[in-house]
Every structure is written in structure tokens, then in C-alpha cells.
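Let's take a walk through this protein together. Keep the sequence and the structure side by side as you read.

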Amino acid sequence: MAGDSTVHRETPVNVVEVSGEAVFLHGELDLWILEAKSLPNMDLATERVRRCFNMFGSCTSPFKIRHKHSSKHHSIITSDPYVSVCLAGATIAQTRVIPNSENPSWGEHFCVPVAHPVMKVEFHVKDNDILGAQLIGVVGISVEKLISGNAVSGWFPIVGSQGNPLKPYPELHVSIQFRPVGENPLYKDGVGAGSGYLGVPNTYFPLHKGGSITLYQDAHVPKGMLPEILLDGGKFFQQGQCWEEICHAMLEAHHLIYIIGWSIFHPVKLLREPTKPVPAGGELSLGELLKYKSEEGVRVLMLIWDDKTSHDRLLFKTEGVMQTHDEETRKFFKHSGVHCVLSPRYASNKLSIFKQQVVGTLFTHHQKCVLLDTQAPGNNRKITAFIGGLDLCDGRYDTPEHRLFSDLDTVFSNDFHNPTFQQPWHDLHCKVEGPAAYDIMTNFEQRWRKAAKWRDFRLKKVTHWHEDALIRLDRISWIITPSSGPTGDHAVRVTTEEDPETWHVQVFRSIDSGSVRGFPKLVQDAEAQNLVCGKNLKIDRSIHAAYVKAIRSAQHFIYIENQYFLGSAYHWPSYKNAGADNLIPMELALKISSKISANEHFRVYIVVPMWPEGVPTSASVQEILFWQGQTMSMMYQIIGQAINKAGLSDTHHPQDYLNFYCLGKREASSTESSAQTSNSSENRALGLAQKFRRFMIYVHAKGMIVDDEYVLIGSANINQRSLDGSRDTEIAMGAYQPSSTWSGKKTHPHGQVYGYRMSLWAEHLGTLEDSFCQPETLECIRQVNSIAKNNWQIYAADENKEMTGHLMQYPIQVSKNGNVSTLPGHECFPDVGGKVLGSPTNLPDALTT
């Protein structure tokens, strides 16, 4: 008999009431989707047609997916059921599809982070077809049964979408339990508390000890450009030179150089303003350098995203919408010793035909990795990885100075898109040494082996190369590799636990089984490897999990730099069904809200570009800005409500807790540059930018710093494309120094993460005030806001005055109750136009979210 079993207790404090009967479920849902019975045959009409035709010969349904293990004897065609779990319109979990079954048994388990305003949890039972899916019915479990925190389990009737009963009275067997954030000890003491800390739980790659991390800001930092930053123990933070160090590492590689990129352009020069002697080959372009190394016998493999809109065949040649130079780079390495492979974002063939087309057309391979062998103790070699936001392509080289008009004929020669000035570019990157580097190698090998099986429309292999191009590291005795077992990574550790500079590092990804080879096929095996099962895909969604865990663990402040910032669409003021359902914005808003309620200091600083990549007046950029505005509004309204509820409206404002910033540059006029830019009137926007000597600094970074103890850097943007797991492919790392945590020091840690954040602030703010050492204080955020506001006023003014650094307030104003609008007189961006808060368009939401 359908029903449920519950035991009641007090409502947890983390359940927040919202309008109507909805409450915020903020924590984890532990779900078991076990089985269903008596499902209706959704393919009855198709089956009748088939039987009719069968009188004249065999006929199969053209709309059902064929399955390998179907019996030779005819079996009835019926539903291919699966279950989606939905909160507030957002899908949070999906089972696999079970073919031809009216009594399916899934037995699948999910532990899902939630931060949703809900009245009930809905289980949507659907029938999968090759062209899409059809709703069979719904099971709804009210939130009142869940907030007690006890398990609700049993058989529940499946009803129609309007609540109407279905025949033959189908039922679904599930178990569900809610655990609020406040009752999970994982989030209570920040990052790395205790020797038993295991990092972000339930991820594909584990937390490793004995690592080393080098943190980079921008492609290059000249010596002495930024101030010295004092760390604990009398040490100083050392700014690294990212592209210079990558170049040296390539030149010193003995066995392998593996590169993954969204875009890689062979003419780019990595060494431009060297800080140390240039070795032989250092003067070469990237492409020539890689050929040079392949001629030495080094195995050079490149895996580059294949933009479907770019072509170079006979008379048919197109540059491609994203201008990634993929065809040019492939052609350059043809007939060389470099294995350069263009890798399309093919979808898994287990998806519907429509979904395959969406994935293959709209989404990309977005990871940026360089892997190579470097010197280890003795005569041994080890694997070192560079990952982050920097592509090895044109337009990426820049320094903290962010020059606009100077050095165009030298440093930036043939490397700027605008006809009259350099587009300033800000990015974050890192070097990973130790056990985590081998996880990044695993990612490369999994993707390479998958690429070896891809085929084009002629059913021939894309190229003649084979997966045996990968070097078998275990067969080269002097390249140290991890062994199997719980202590297997000890051999590849580069620091000891007693070393105050040691790091604990964990690698995260957004990727699915359509892009890698090596994920298990069976659901139970996939669950054992902490992969999420979504219909017929196995998904690694650990970047999203890492962000959620880090935000929930934060105790004092969060600093974010990201190219995009949008999500939690299920609670936007409008367009709630846009599908950008990642939890990051909501988690930040709820964290601030909880700290206001507890009367504790907490601040969030978010740096984004003034507008996303592209023309600010274009439909795609305007829609992304609109989604971003919706996200900001949702967050500020939650914070405004918390301030009001705490009785702080007279003394505090939402921007005392959360702020958005952008970066800009104004450069003094010079006679040297004026001769170079005399033709800028051909383009009004660029002409105005030259006239007023200003332009935005493009924030391409993808990183987060929490409490000056934890850093997360990678290729993933804060949007649905990057965090979904089955859209763009991404990679990131999260790391901390166990000697520099709040729980270990019992005070503010001043380790490498602190030094990195202060170095970034020195770049952006042009000064280092004493208050910057304590970002959680009201004094600090108001000081930062004062500089940022003044910088915006200077940037937007006709008169060219010097800014204090580059950080500007994002051009919005926020009311005390959290309503967001544009600054008076600044509804559009200076010079280039385009509405600051954007506007919705008819573009596919999946493209812009």
C-alpha cells in the first residue's frame, strides 16, 4: 500500500522560511530511488502500428532506442523509464534509463547539495525516446515531512501533472532524508581542520598531501612591479612569471609535453620580458618551440577544442565564430613530429538525437592544461602540471600594469585584436607539483583515449594516429609514478608534512562520459567512483561540489574573480526557468544571511569583467548581462531581507556585505601612440575609447579565495555551462597549506594564499592599506568600496585623470531592500554602449547560461 514512514523532531535552525508555504532547504538531500511498478505503456500507439505492419513482415519502432541485449524473440515495446528529482523547477538528480520496463528497478543513491525554496520535492517519472522524453507522472513529497531531518520512505502513487490519478495505478518506491548545513560538522571549522580532514567528499579525485602549488596572476609579473608582502615566519610572497616558467619547463622537458586547450595559437611567444637568462629555444614562438622539442625526441601531444564553425578544406575556409585558430594550428603542425588533434565536443551517443545536436553545437572543451616531465630528486623525473584560465593563444599576454597603448610595436607586436590598442587581460593560473599532478595526467589520458575513438560523418577515424601515442610512464623507471593502494602517492610527494610550505591539493572536474574513456559503465561502479549518474551519462561534477563545500565552510570572507557570474535561476526575480541552476550565488547569499543573523563579520568581494567577451551591444552579451543582473538582484534581496530581519536597516546596507567590481584602465596621452591611432574614427566605439584613453581590463580569471586559507583555481566559469558537468569540460584544483589555517593557528593565517590575495589586491587597488589584512571587517569593505567608487567616477569622466589602481565599482546601485538598478546617467557602458543590466533575447538559454 502506498504511504510513508516518518519520525518527528524539532525543525532545524537552517530551514529558512520564505513567502507562502515554501522554505529554504539548505543542506543535503540523501536520496534512494529504488523501483517503480505498474507504469503505463507510453508507447502503446507505436506498438499497435508496429503490430499492424507486422502482419506483412517484420517492423520495429523508429522512435525507440535499440538495446544490445534484446531477445531474438519479439517482446512488447513499452516505456523506457527514468526519474528526475526536481526542486523549485530545478533538476537536481536523474536516474539511468531502464529500457522496455513497466516495473523498473533502479536502486540508485544520490547525496545532493540543496539551497532551494520549496514546498515539495518532486520525482518526475519519464519515458525516454530517441527524440526526447515524455512525462509519465509525478510523485510529490511535502517539505513539512522532510524538515524534521528524518528519513521518509515507502511506495508513493504516481499521479498526472495535474494531480489526476493514472492507470494502472503506478507507484514509485523512494527514500529521502534532509540534513541541514548547520548539522554537518564538515562545514564548521573552515578548511583542513584536524589530521583526519579528507577534503571535498564524494569526488572522483581524492585530496593529496605532499604537494606544492605556485600561484600566478596574469601571464607575467615583472620583478619589482608589485610591493613585497610579508608572510608568517618572516618570508615574503614571491610573484611568479607564468608564461616564462611554462616556457622554461617546456625547454627542460626530457620525455613529454602534453597540452590541452580551448584555444592554442602557434605564433604566440611565451617569452617577451624575461626576468632570467633566455635558454636556447626560448626566443622561438610556441609552435616552433614544440616542433623543436619533438625533434629532440620529446613526445608532444596537443588536444585542442574543434570549433565546428571553423573550416579549412580546399576552397571552403572559415575562421570560426570563436576565432580559436584551431584549423590554423592543426595545419601548422601537419607533417611534423607534434601530434596535434582537434577534439570536437561530441555528445555521448546514449543521449537523444536532439540532445546530441545541442551538446555538439553549443558546448566546448574548455580545459587549459600543460603537463610535462621535470627534474625530481637524484636523476629522476616527475610530472608537473600547469592549469588555470590562461590559454596559450593571442591576446592573453599581459602584466599587472595592463598597458593600453604603449609597447604595441614590441611586447604586443602582432598580438592585439583592436586596431589601435591592446585589450588588457587579467587571469589566474597555477603550477601543480606532487600527487595531484598525476590526477591531471589521468584527465589528459582519459580524454586522449576517448579522442582516439571519435569518428567523422564518413565513418572513418578522424586521423591516423592511435592512442599508443601516450607514453607508458610506468615503463620508464626514472619517471616516478604513484602505485596503487592508500599510500600509493607517497612516492610522488614533493614535500613532507613537517615542511611549513607543504600543500594539500585536490583536483576537480566538470566532464561526462561523452568526453572521456575510462568511466565505469555500471551505475554501481560509477557511484563507487563518486560519479553522478544522469540518464545515460556518468558525470564528474566535482568543481561545483568544491565551490559549494568551500562557501559553506567559509568563516570570515570570500574573494572571487570570474569571467562570468550567474546562477541559482530558480530564485531569480524573473526567468526562473532559464536553467542556470548552479548553487553558487544562492550559497553565497545564504552564507551572508546566516552570518548577519548570527551577528558575525562576513564579506564577499566579486570581480567580474565590465561586460562578457564580445560586442557589448550584441544579443548574446546583452542576454548574459541580463542573467548576471538577475543573479545580483536575487542575492541582494536575500541579504536586504536578512538585514531588515536583524534590525540593522538603519546602520547597514547590503553592500556592506556583498559587492561586485570590475577592472578598467585609463592611460595618459603620448605623442608616440597618437601617430599609430589616427585611423580609429573608422569605428565609433574604438574611436571613443582612444579619445578618452580608457578601456576595461578583461577579467578572464576563474578563482576563489576563502578566509586566506583556501584557494580554488581552474578553467571553470561561474555559470551553468562550466558547472553542469555535461556541458563545457573543465578542470580546477583546490588547495591549502595545513600550517596556514584558522583552525591551526587560531588567528588570521598569513601563508601563501594570504600573500596571493594581497598581491592581487595590490595589483587592482594600487595600494595596500592596513585594513586589507582583515577583509572580513566593515572598515575594509568600506575602504575598498571608496576606492572602487572613486575609480569609476574617474573612468567614466571626460577628463583623463589617474586612477588608484584598476578596481572600480560595478556600475549598479543597490537599494537598502536589495533592489538593483543602474547608476544614474550610466544605463549603458561608456564609449562602447550596451545596457549595463542587459536585456533578454530569443537565443537558446543553454548558449548564454
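Asp-218 sits in the loop between strand 10 and helix 2 (242-252). In this predicted model, its phi is near 65°, a positive value in a residue other than glycine. Is Asp-218 buried or exposed? With a relative accessibility of 1%, Asp-218 counts as buried, because that value is under 20%.

Now look at Asn-202, in the loop between strand 9 and strand 10 (208-217). Asn-202 also has a positive phi, near 60°, and is not a glycine. Its relative accessibility is 54%, so Asn-202 counts as exposed, the cut-off being over 50%. The loop between strand 8 (152-157) and strand 9 (171-180) holds Pro-168. Lys-167 and Pro-168 are joined by a cis peptide bond, with omega at about 5°.

## The whole protein

Among contacts with a separation of 6 or more, 73% come from residues 24 or more positions apart.

Ile-260 is part of strand 11 (residues 256-261). Ile-260 counts as buried because its relative accessibility is 3%, and the cut-off for buried is under 20%. Which residues does Ile-260 touch, not counting those up to four places away in sequence? They are Leu-303, Gln-367, Lys-368, Cys-369, Asn-443, Phe-444 and Arg-447.

Ile-260 and Leu-371 are 111 residues apart along the chain, and their C-alpha atoms are separated by 8.7 Å.

## Helix 4 and the residue after it

Helix 4 covers residues 326-333. Its buried residues are Asp-326, Glu-327, Thr-329, Phe-332 and Phe-333. As background, an α-helix has 3.6 residues a turn, so residues three or four places apart point the same way.

After helix 4 comes His-335, with a positive phi near 65°.

## Two helices side by side

Next, turn to helix 8 (residues 542-553) and helix 9 (residues 584-597). The two pack at an angle of about 5°, and their axes are 9 Å apart. Helix 8 is therefore roughly parallel to helix 9, since angles under 35 degrees count that way.

Which residues meet where these helices pack? Helix 8 contributes His-544, Tyr-547, Val-548, Ile-551, Arg-552 and Ser-553, while helix 9 contributes Ile-584, Glu-587, Leu-588 and Lys-591. The residues of this contact divide into five nonpolar, two polar and three charged.

## Two buried aspartates

Asp-512 belongs to strand 20 (residues 503-512). Its relative accessible area is 2%, so Asp-512 is buried. What does the side chain of Asp-512 reach? At 2.8 Å from it is the backbone nitrogen of Gly-514. Setting aside neighbours within four places in sequence, Asp-512 is in contact with Arg-345, Phe-519, Leu-537, Lys-538, Ile-539, Gly-725 and Ser-726.

Asp-656 is found in the loop between helix 10 (619-645) and strand 25 (658-666). Asp-656 counts as buried because its relative accessibility is 6%, and buried means under 20%. Which side chain makes a polar contact with the side chain of Asp-656? That partner is Arg-782, at 2.9 Å. Not counting residues up to four places away in sequence, Asp-656 touches Arg-603, Thr-651, Leu-778, Ile-781 and Arg-782.

## Looking for disulfides

A disulfide is a covalent bond between the sulfur atoms of two cysteines. How many disulfides does a search of the whole structure find? The answer is zero.

Cys-111 has a relative accessibility of 44%, so Cys-111 counts as partly exposed. Cys-393, at 1% relative accessibility, counts as buried.

Technical notes: Residues numbered from 1 in each chain as written. Predicted model: local features only at pLDDT ≥ 70, side-chain atom pairs only at ≥ 80, totals over all residues. Heavy atoms only, no water. Helix = DSSP H or I, 4+ residues; strand = E, 2+ residues; numbered from the N terminus. Buried < 20%, exposed > 50% of the residue type's maximum accessible area, 1.4 Å probe, protein only. Polar contact = N/O pair within 3.5 Å; in protein donor to acceptor, adjacent residues only side chain to side chain. Contact = heavy atoms within 4.5 Å. Disulfide = S-S within 2.5 Å. Axes fitted to C-alpha atoms, helices over the stretch in contact; angles between N-to-C directions. Parallel < 35°, antiparallel > 145°, perpendicular 65-115°, else oblique. Nonpolar A, V, L, I, M, F, W, Y, C, P; charged D, E, K, R; others polar.
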